[in-house]
Amino acid sequence: MTSPTRRDWELPASAVTPEALFRSRRQLMRDIAAGSILAAASPLMASLAGSAFAAEADPSAHLYPVEHNPRYVGGRAITGEKFVTTYNNFYEFGSHKKISEAAQALKIRPWTVVLDGLVEKPVEIGIDDLLKKMPLEERIYRHRCVEAWSMVVPWSGFPMKALVDFAKPRAEAKYVMMETFLDPKTAPGQKQHWYPWPYVEALTMQEATHELAFLVTGAYGKPVLPQNGAPLRLAVPWKYGFKSIKSIVRFSFVSERSETFWEKVSPREYGFWANVNPEVPHPRWAQSQERVLGTSDIVRTQLYNGYAEFVADLYTGLSGEPLYM
Ligand SMILES: Nc1nc2c(c(=O)[nH]1)N[C@H]1C(S)=C(S)[C@@H](COP(=O)(O)O)O[C@H]1N2
Ligand SMILES: [Mo]
């Protein structure tokens, strides 16, 4: 990565995980999955397999790893799995970053997803049946939290457009509203009644069918873990992280959207569009830089988190809208 055309968000070669190393790690994961290597044979193997959490129990484990799509590049080193799986925002399990253990209480099977609203016919489908219908692939995406930290993750999943096509929305549909599970018994954060549960997010139809909008079902070549939003989570990498709603149970196609979770909490701070922009500060902090999770690096934040060439066209003619908060 020493090319002279290096982007601002790219780091020097020394900081980049060689693709080859990542590949060989994936081969190792594959061997472990195939049983040809005993994952627990040594502490090294155990740590490579990320065995602090029990992904093996997931009935979709055999689907991974899925084919890698090279179109989407991280531009800097992939963030270590141990950071991504132990430093989380998932307010259902607490309003701090150390929720990974508490999130293991989330029961991810059976898991039913509802597609309703302005559709030809409402559908309820189990996650494993949905997985059979969707074209799974792996993409490396950057993720920029509104709190000014970021990470680079190899997600597995499918384009949200495939789900929209499956749902067959009617022409009047202008937005997709998405909803997280509601179960205060397993998710104690949902007992904090000052938050407007369940977590709700929304995209315009144009955003939802954009090639970058991705529904995540896996990460690091395995089923995605509860703390990262199992079994179905959104990734919209040009927007602040709070748009990427976790553990989704419902997609409703509507002509007029209702308020999202964070808009209800603090409309002045967390808007509907929430496109990343280093020049539009959050009311309480700057957005010009970000801390790269798992490193001591601070890098410059990019317009649309570096995805402007993909998404800038979505927002032409909307100059009156608060696109960047
Ligand atoms: N249901 C739900 N989805 C959520 C959140 C949440 O609290 N609840 N937090 C959001 C925020 S602010 C971020 S930055 C990402 C964090 O994802 P990660 O924990 O996998 O890094 O999830 C997003 N999706
Ligand atoms: Mo976030």
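The following legends describe close-up views of one predicted protein model with its ligand.

In this predicted model, local features need pLDDT of at least 70 and side-chain atom pairs count only at pLDDT 80 or more, while totals for chains, interfaces and linings use all residues. Residues are numbered from 1 along each chain as its sequence is written, chains are lettered from A and ligands numbered from 1 in the order in which they are written, and side-chain values use heavy atoms, with hydrogens and water left out.

**View 1. The chain as a whole.** The chain has 8 helices and 12 strands; helices (H or I, at least four residues) and strands (E, at least two) are DSSP runs, numbered from the N terminus. Of its 325 residues, 54% count as buried, where buried means under 20% relative accessible area, exposed means over 50%, and partly exposed lies in between (1.4 Å probe, protein chains only). The accessible surface of the chain is about 14,600 Å², and 56% of this belongs to carbon and sulfur atoms. Such areas come from the Shrake-Rupley method with a 1.4 Å probe; for residues, only the protein chains shown count as cover. Among contacts (heavy atoms within 4.5 Å) with a separation of 6 or more, residues 24 or more positions apart account for 72%.

View 2. A polar side-chain atom of Lys246 lies 2.6 Å from an oxygen atom of ligand 1. A polar backbone atom of Tyr91 is 2.7 Å from an oxygen atom of the ligand, and an N or O atom in the side chain of Asn88 is 2.9 Å from an oxygen atom of the ligand. Taken alone, ligand 1 exposes 530 Å², and the protein buries 99% of that area.

**View 3. The largest nonpolar core.** This core has 86 residues, and those with the most contacts inside it are Trp155, Met160, Trp238, Phe251 and Phe253. A nonpolar core is a set of buried Ala, Val, Leu, Ile, Met, Phe, Trp, Tyr and Cys residues joined through side-chain atoms within 4.5 Å. Strand β4 (residues 149-159) supplies the largest share of the core, 6 residues. Leaving aside neighbours within four places in sequence, the contacts of Phe251 include Val113, Leu115, Met160, Val176, Met178 and Leu232.

View 4. Lys222 belongs to strand β8 (residues 222-223) and is buried, because its relative accessible area is 12%. The side chain of Lys222 makes a polar contact of 2.6 Å with the side chain of Glu81. A polar contact is a pair of N or O atoms within 3.5 Å; within protein, one must be able to donate a hydrogen and the other to accept it, and residues adjacent in sequence count only if both atoms are side-chain atoms.

**View 5. Asn69 and Arg71 in one loop.** Asn69 lies in the loop between α2 and α3, and Arg71 is found in the loop between α2 and α3. Asn69 counts as buried at 18% relative accessibility, whereas Arg71 is partly exposed at 47%. A polar contact of 3.0 Å joins the side chains of Asn69 and Glu137. The C-alpha atoms of Asn69 and Leu136, which are 67 residues apart along the chain, are separated by 9.9 Å. The side chain of Arg71 makes polar contacts with those of Glu211, at 2.7 Å, and Tyr72, at 3.5 Å.

**View 6. Backbone details in the loops.** A cis peptide bond joins Tyr64 and Pro65, with omega about -5 degrees, and Pro65 lies in the loop between α2 (43-48) and α3 (81-84). The peptide bond from Trp197 to Pro198 is also cis, with omega near -5 degrees; Pro198 is in the loop between β5 (175-180) and β6 (200-204). Ser247, although not a glycine, has a positive phi of about 45 degrees, and this residue counts as buried at 0% relative accessibility. Ala274, likewise not a glycine, has a positive phi of about 50 degrees and counts as buried at 0% relative accessibility.
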